[in-house]
Amino acid sequence: MVRTGWGDRIFDIIVNLLLAALALVSLVPILAVVAASVTPYSEVLKHGGIVLFPRQFTFDAYRQLWSYPRMMNAFKVTVYITAIGTILNLLLTALMAYPLSRTYLPGRKIIMSVLVITMYFYPGIIPRYWIVKTTGLINSIWAMIIPSLISTFNLMILVSYLQTLPSELFESARIDGAGEFRIMWEIALPLAKPAIMVIGLLFSVGQWNSYLQPLFYVPNRDLWPLQPVIREILRATDALEPDPTLTVPTVTMQMATIVFSSVPILVIYPFVQRHFTKGLLLGAIKG
Amino acid sequence: MTVAEKSIEAKATAVKRVVGLIWHHRTLYLMLLPGIAWYVVYNYFPMYGLSIAFKDFKIGLGIAGSEWATPIYANFQRLFSSPRFPIVIRNTVLISLYRIGYGTLASLLIALLLNETRHYWYRRIVQTLNFAPFFLSWVVVYGIFLGLFSQQTGFISRWVRQFGGTMPPLLQSVSHFRSVLIGSAVWKNAGYGAVIYLAAMSGLDPSLYEAARVDGASRLQLIWHITLPGIRGIIILLLILNIGSLLMAGFEQVFVFYNVRVYDVADIIDTWIYRMGLERLDFTVSTAMGLFRAAIGSLMMIGANALAKHWGEGSSLW
């Protein structure tokens, strides 16, 4: 019934070629960086720059990173603020989302609008800095966790997801004598697992990539997580101008640090990508 | 009973009813309590902190202890008469507009291509790769940029040199810096932006396509006459909402990428507030800028929402 003429076939080929180009545009920069981090300096000099497929490999840069206390310390801080931050975030988000998803809760609309306003009225960093200082968080690891503990966007995703669950489930539990807390813990949250996964992942990626918060609120560099430390390493030296304390050339070190810091995300990413896509749509449909 | 007594009694029963209702739902309110407390401290107290904009603020005296500025709008006078002010506003708006324009085009194109391929596995691989940069931090994207475009060692710079050209110092160049910002933002976020368009496309009625095919429409005609009109609502909605946040030009990215040499084209509201406030410790003028942005920004957001309600085919933000 449907004709597949030459025009269609050419169209298909063009589409698939463009898609291949698209995939390469996303992939090649990442590959080039990975390649640069394992290329011996002699190769870099010989080719006059980074090559995609070096003939020789060396893991010197990674070995050096491993024994670089500042980097390892930053890694630990990042893991800490990501783990603790995500747990606390999920706890608080779930505790708020369940009551806000109950349409019979008096005052629900008012509370919701009070929360949503904060998404669109942004007082800027100076009043934020002032409150972080007033609450005594400056120069503590909690300055990278508490001020951004709840994401209103994520909260709204969970609220709308909980609202889509059939209310009969909740009703029958209530008839059996379960209180609100038990209903939340034993029925609502287990059913909302897909949404909780998504917001947990989104939040933990945000924490892992946290850059501005430590920079603003934590002058003590020993407490810095990976991102600001890497930024300093990227900025500190001009490429090709070797740092006398390091035996590996700067550019190789720089590329190794960014690979090192992104590996956890890129390793987990393919397995969770589907959830992300779903979660974004949850948010979008709500919006 | 007099009228007064009656009304007092009515009030009393009303209060009793409200207290009773709250008591009845006490578990739910208790659950909300920690979160609400957090919102009050970290989102609503800063709004009080905005009053610094109207004060002759002295750090030692705190906000309440500091005198009001004379005249009360003195800090705004200082802000508006600053020679940097028009430059910063222009940069913010320009960077935002470019970002919205190119970002939307790229996401749409990606979604259209993904939607057109018939091989599901191929589509999934491309989408996975294309979506990945979204999860990298701006610092890492900056590092990748150096790996590609750094003059001496960059991967792409090497190719340019081999073909006899020279790579300009992109990050230091006033004429290239904005393109660097937009290009890297598109690279990082376009795949993410495509997800929503793609979902909207997959929701279109397949019988429309079949009917058009029977009538002899080509694939390009299908895109032009069915796919694009079908997702027009969501395109307009997202565009309007993006325009609503025009004064947010991507603080973190600009902050990671910029340097003194490109301040004239790269300095945006947030970077200026940061330098004035946290580096030079001029809290009053930087808070005034923050308040100015918050006021204009929320007006624009309200306007955008009204527009979205009007044109976005029924969907809006609140």
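What follows is a description of that interface and of some aromatic pairs.

Reply: The model is a predicted one. Contact between the chains involves 97 residues of chain A and 95 residues of chain B. Together the two chains bury about 8800 Å², and 74% of that area is on carbon and sulfur atoms. On the side of chain A, Tyr120(A), Ile126(A) and Trp130(A) lose the most area to chain B, together 8% of what that side buries.

Polar links are found here as well. Three salt bridges cross the interface of chain A and chain B. In a salt bridge between Asp12(A) and Arg118(B), the closest N and O atoms are 3.3 Å apart. The interface of chain A and chain B also has 24 residue pairs in polar contact, counting pairs with both residues at pLDDT 80 or more. Helix α1 of chain A, residues 6-38, supplies 18 residues, the largest share of the side of chain A that touches chain B. By type, the residues of that side of chain A divide into 71 nonpolar, 17 polar and nine charged.

One residue to look at is Ser262(A), which is in helix α13 (residues 250-286) of chain A. Ser262(A) has a relative accessible area of 6%, under the 20% limit, and therefore counts as buried. Leaving aside residues up to four places away in sequence, Ser262(A) touches Leu136(B) and Val140(B).

Now the aromatic residues. Over all chains, the structure has 36 aromatic pairs. One of them joins Phe85(B) and Phe292(B) edge-to-face, at 5.5 Å centre to centre and with 65 degrees between the planes. Phe85(B) belongs to helix α5 of chain B and Phe292(B) to helix α16 of chain B, so this pair ties together parts 207 residues apart in sequence. Phe85(B) is buried at 12% relative accessibility, whereas Phe292(B) is partly exposed at 22%.

Another pair is that of Phe255(B) and Tyr258(B): the ring centres are 6.1 Å apart and the planes stand at 40 degrees, so the pair is tilted. Phe255(B) is buried, with a relative accessible area of 9%, and Tyr258(B) is buried too, at 6%. Both residues belong to one aromatic cluster, which also holds Tyr129(A), Tyr211(A), Phe216(A) and Tyr217(A) from chain A and Phe251(B), Tyr263(B) and Tyr274(B) from chain B.

The buried residues of α4 (residues 74-81) include Ala74(B), Asn75(B), Phe76(B) and Leu79(B).

Note on methods. Residues are numbered from 1 along each chain as its sequence is written. Chains are lettered from A and ligands numbered from 1 in the order in which they are written. This is a predicted model: local features need pLDDT of at least 70, side-chain atom pairs count only at pLDDT 80 or more; totals for chains, interfaces and linings use all residues. Side-chain values use heavy atoms; hydrogens and water are left out. Buried means under 20% relative accessible area, exposed over 50%, partly exposed in between (1.4 Å probe, protein chains only). Helices (H or I, at least four residues) and strands (E, at least two) are DSSP runs, numbered from the N terminus. Contact means heavy atoms within 4.5 Å. Buried area is the accessible area (1.4 Å probe) that two parts lose on being put together, summed over both. A salt bridge is a side-chain nitrogen of Lys or Arg within 4 Å of a carboxyl oxygen of Asp or Glu. A polar contact is a pair of N or O atoms within 3.5 Å; within protein, one must be able to donate a hydrogen and the other to accept it, and residues adjacent in sequence count only if both atoms are side-chain atoms. Ala, Val, Leu, Ile, Met, Phe, Trp, Tyr, Cys and Pro count as nonpolar, Asp, Glu, Lys and Arg as charged, and the others, Gly among them, as polar. Rings of Phe, Tyr and Trp (its six-membered ring) pair if their centres lie within 6.5 Å; planes under 30 degrees apart count as stacked, over 60 as edge-to-face and the rest as tilted.
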